[in-house]
Amino acid sequence: PEYPAERIEYILSDSSVNVLVTEIVLSSQAERSPVSVVCVDLFKPWVTHAVLERTVKPSNLAYMMYTSGSTGQPKGVRVEHKSVVNYITFGPDYKCTKAAQDCVLLKTNIAFDPSVWELLGSLCVGRRVALLPPQAQLNPAEIRRCLIDHRVTWAIFTPSMMTTFGDDYTWASGINIVANGEDLLLMPTKIRLGITRSAKVLINSCGGGTEATRDTVRHICRNE
């Protein structure tokens, strides 16, 4: 919803969507688009016990995600179900037998790739999800508080974000940290070693393009 009106209009047009599911307060953002708008807050909650026929195939489209557009016009990337499943099952926590005791920090905007692992990956293994307060994604103090209050055990951060947390590394204690999006070695050595020694495990995931459905390289840093 925070995107400029021009970008929203472009995405709706470029993706050729027919239906937009949104809320009443946001529905005006699509008024210049020919899509049909469905506002979920106009419907009463309902529950069905009907057995629905499953017709989805691995090659079917799961979602279409747009790149940041830093090199020009945003580009839509189509991701199939099999790619999402592969990404989630490749995750370091997928075979964890104590997933119900874990909690992941959901801090990534759903328009960006890491949110797929944070949200869908958690639902697949039965892990709790801790939500950051609105507008807190870039607030180091709020993020640290959320990590502690919700006893988070899994979190994704860019190295540059972790450098803003200060010299007290207790926030990382017992957390499985996935560092991606940037080169971990670009962090100041003192901070990198402090976090590595405090965290349960630090996975240096350099990530990958949206076209690769995220991670293409992964390395585990030892706490030594």
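A residue counts as exposed when its relative accessible area is over 50% and as buried when this area is under 20%. In this predicted model, Ser16 has a relative accessible area of 54% and is therefore exposed. Ser16 sits in the loop between helix 1 (5–15) and strand 1 (19–22). Its backbone deserves a look as well: the phi angle of Ser16 is near 60°, a positive value in a residue other than glycine.

Although Arg151 is not a glycine, its phi is positive, at about 50°. With a relative accessibility of 58%, Arg151 counts as exposed.

Attention now turns to the buried parts of the chain. Helix 2, which covers residues 81–89, has Val84, Tyr87 and Ile88 as its buried residues. Viewed down the axis of helix 2, these residues fall within an arc of 95°, so they line one face of the helix. The buried residues of helix 2 pack against strand 3 (61–66), strand 4 (76–80) and helix 3 (114–125).

Strand 4, one of these packing partners, contains Val77. The relative accessible area of Val77 is 7%, and Val77 is therefore buried, as the cut-off for burial is under 20%. Val77 can also be placed relative to Ser15: the two are 62 residues apart in sequence, while their C-alpha atoms are 9.6 Å apart in space.

Key. Residues numbered from 1 in each chain as written. Predicted model: local features only at pLDDT ≥ 70, side-chain atom pairs only at ≥ 80, totals over all residues. Heavy atoms only, no water. Buried < 20%, exposed > 50% of the residue type's maximum accessible area, 1.4 Å probe, protein only. Helix = DSSP H or I, 4+ residues; strand = E, 2+ residues; numbered from the N terminus. Arc of directions from axis to C-beta. Contact = heavy atoms within 4.5 Å.
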